[in-house]
Amino acid sequence: MRLRRLLTGALATMGVVGSMWVMIRPDAGKPVEPIGVAAASVAAAPVQDPPKDVMATIGQLLGSTPDAATPAATLSDSGPEPQLERIFAEIEARRLDAALQLAEGLIQRYPNFRLAYLIKGDLLLARARPISTFGAAQEAPADRIADLREEAFLRLQGYKNKPPADYVPRYLLQMREDQQYAIVVDTKKARLYLYKNDKGRPRFMADYYVTQGKLGSDKMTEGDKRTPIGVYHVTSSLPREKLADLYGHGAFPLDYPNEWDKRHGRSGSGIWLHGTPSDTFSRPPKASDGCVVLTNQDFDTLGKSIQVGLTPVIISNDIEWLSLDDWQKERAELNTAIDTWRTDWESRDTDRYLRHYSRAFQSDGQDFETFAQQKRQVNQGKAWIKVQINNLSLFRNPGQEEVVVVTFDQAYDSNNLSNTMKKRQYWAREKGHWKIIYEGAA
């Protein structure tokens with residue numbers, strides 16, 4: 001919260017850096033000069049050092065003091081965040097010329113990075129006159145300055161706060177062996193986390209800044225400008241040649257709405273992971289029509305880890321974390337429940353089999369009573385049943401409801417029928433017991 005207050009201007013009145021507004025020419029993709037400041041006079045003006053106590057505060061907030069812990073490097077640290085942190089470290093040390101040089105280097109590397117121009121403008125404006133607020137230039141549209149300020153906060157927060165080493169997202173209970181990676185999105189932090197399947201254990205690999213819907217998350221209806229919350233899978237890959245420039249270097253469509261969404265009356269379509277337009281490095285934290293948007297650089301890197309039809313994408317408002325011990329416990333509990341369901345099915349004892357199903361069960365137009373009646377009739381003709389489950393995955397649905405998405409390859413054999421299918425079930429905890437609330441083909 002202290003970092004957010006700094007960026008929103010609570011400390012700016014003490015003389016910390018000011019601001020400017022930068023536009024990118026849509027036709028040329030080239031930045032214009034800061035509005036409201038004469039470049040020549042600014043360049044010639046002496047540097048006005050911000051107060052020492054303000055600089056120390058920046059260092060504490062950003063963790064840039066010499067004795068601060070440095071976050072472990074990840075694949076995603078090749079983005080602008082490390083440079084942003086170094087810039088603020090120079091500001092903290094009252095080396096504004098060095099900070100300006102770093103800001104110019106950031107612009108050279110990312111020519112369409114609006115936030116980099118904002119920082120450069122702050123440093124130039126601080127040379128010209130004392131600054132009383134963040135966004136001091138009169139011509140600066142307040143909403144766009146707020147977007148850049150929020151992006152700065154979220155980028156630095158995400159860079160400094162990596163996932164805890166001995167904890168995993170609660171949602172990644174079990175990945176099937178051939179699922180190489182899983183994606184978890186935290187809409188509150190505007191961060192996408194990539195986890196590798198390390199012999200069954202999710203292992204953190206990288207994280208990226210992302211954009212979500214203009215009105216946030218919890219999508220309910222078509223066109224509501226929100227990003228859905230839930231467990232989804234990548235269904236296809238769309239190359240940039242087949243897309244409008246809005247989507248950048250490509251797109252990975254997701255299977256929204258899934259069965260759980262439909263059960264809750266959620267509608268809409270076209271929820272994708274995709275890149276940014278050619279004249280834009282990154283978009284504000286809330287700027288899409290519901291998609292999850294990455295920079296083109298990050299999209300290209302992430303795309304190398306995505307398997308169409310296999311990679312899960314779990315979108316949450318605020319990630320829940322489990323210790324490895326608790327994660328193993330939850331995982332074992334679900335595996336036991338699923339195996340008991342399988343053996344009870346093989347027993348041909350219909351009552352034992354049906355005890356695994358919720359009274360709220362619904363599937364393909366069947367409620368629990370209709371489903372139970374059908375199963376009793378089918379079992380009358382069975383002399384024996386064998387069921388095998390392979391490639392099992394377990395992903396907990398984000399939210400207050402205790403729901404787990406279970407997917408597996410099912411091989412069914414009996415005296416009068418044999419078939420195989422990819423099945424998906426939704427298990428919900430009811431009065432301390434896991435029950436199947438939906439099942440069907442995946």
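Biologist: Good to look at this one together! At about what angle does helix α9 run to β5?

Modeller: A word on the ground rules: the model is predicted, so local features need pLDDT of at least 70 and side-chain atom pairs count only at pLDDT 80 or more, while totals for chains, interfaces and linings use all residues. Residues are numbered from 1 along each chain as its sequence is written, and side-chain values use heavy atoms, with hydrogens and water left out. Helices (H or I, at least four residues) and strands (E, at least two) are DSSP runs numbered from the N terminus; axes are lines fitted to C-alpha atoms, for helices over the stretch in contact (heavy atoms within 4.5 Å), with angles from 0 to 180 degrees between N-to-C directions. Helix α9, residues 296-303, lies across β3 (181-186), β4 (191-198) and β5, and its angle to β5 is about 160 degrees.

Biologist: In what order do the five strands of the open sheet come?

Modeller: Two strands pair if DSSP finds at least two bridges between them. The pairing in this sheet is mixed, and its edge strands, pairing on one side only, are β5 (201-209) and β7 (230-233). Neighbouring strands are turned by 25 degrees against each other on average, direction ignored. The order is β5-β4-β3-β13-β7.

Biologist: Which residue of β13 is the bridge partner of V231?

Modeller: β7 and β13 (residues 312-316) run antiparallel and are joined by four bridges. Within β13, V231 finds its partner in I314.

Biologist: Why does S305 count as buried?

Modeller: S305 sits in the loop between α9 and β13. Its contacts, leaving out residues up to four places away in sequence, are Y181, L194 and T311. Buried means under 20% relative accessible area, exposed over 50% and partly exposed in between, with a 1.4 Å probe and protein chains only. S305 counts as buried because its relative accessibility is 9%.

Biologist: Is K199 buried or exposed?

Modeller: K199 is in the loop between β4 and β5. Although K199 is not a glycine, its phi is positive, about 55 degrees. With a relative accessible area of 85%, K199 is exposed.

Biologist: What is phi of R348 near?

Modeller: The loop between α10 (324-346) and α11 (350-354) holds R348. R348 counts as partly exposed, at 36% relative accessibility. This residue other than glycine has a positive phi near 65 degrees.

Biologist: Which residue does a cis peptide bond join to Y256?

Modeller: The place to look is the loop between β9 (250-253) and α8 (259-263). There omega is about 0 degrees, and the residue joined to Y256 is P257.

Biologist: Which element gives the largest share of the lining of the largest pocket?

Modeller: On a 1 Å grid over the protein atoms alone, a pocket is an open set of points with protein on both sides within 12 Å along at least five of seven lines, a cavity is a set where a 1.4 Å probe fits but cannot get out, and lining residues have an atom within 4 Å of a point. The largest pocket has 21 lining residues, with F371, Q374, K375, K423 and E439 nearest its centre. At least two lining residues each come from α12 (368-379), β18 (403-414), β19 (418-430) and β20 (433-441). The largest share, five residues, belongs to α12.

Biologist: What volume does the largest pocket have?

Modeller: Grid points are joined across faces, edges and corners, and a volume is the space filled by probe spheres set on the points. For the largest pocket that gives about 440 Å³.

Biologist: How many residues of β18 are buried?

Modeller: β18 pairs antiparallel with β17 (residues 385-396) over ten bridges, and eleven bridges join β18 to antiparallel β19. A hairpin of three residues links β18 and β19. β18 is mostly covered, and of its twelve residues the buried ones number ten.
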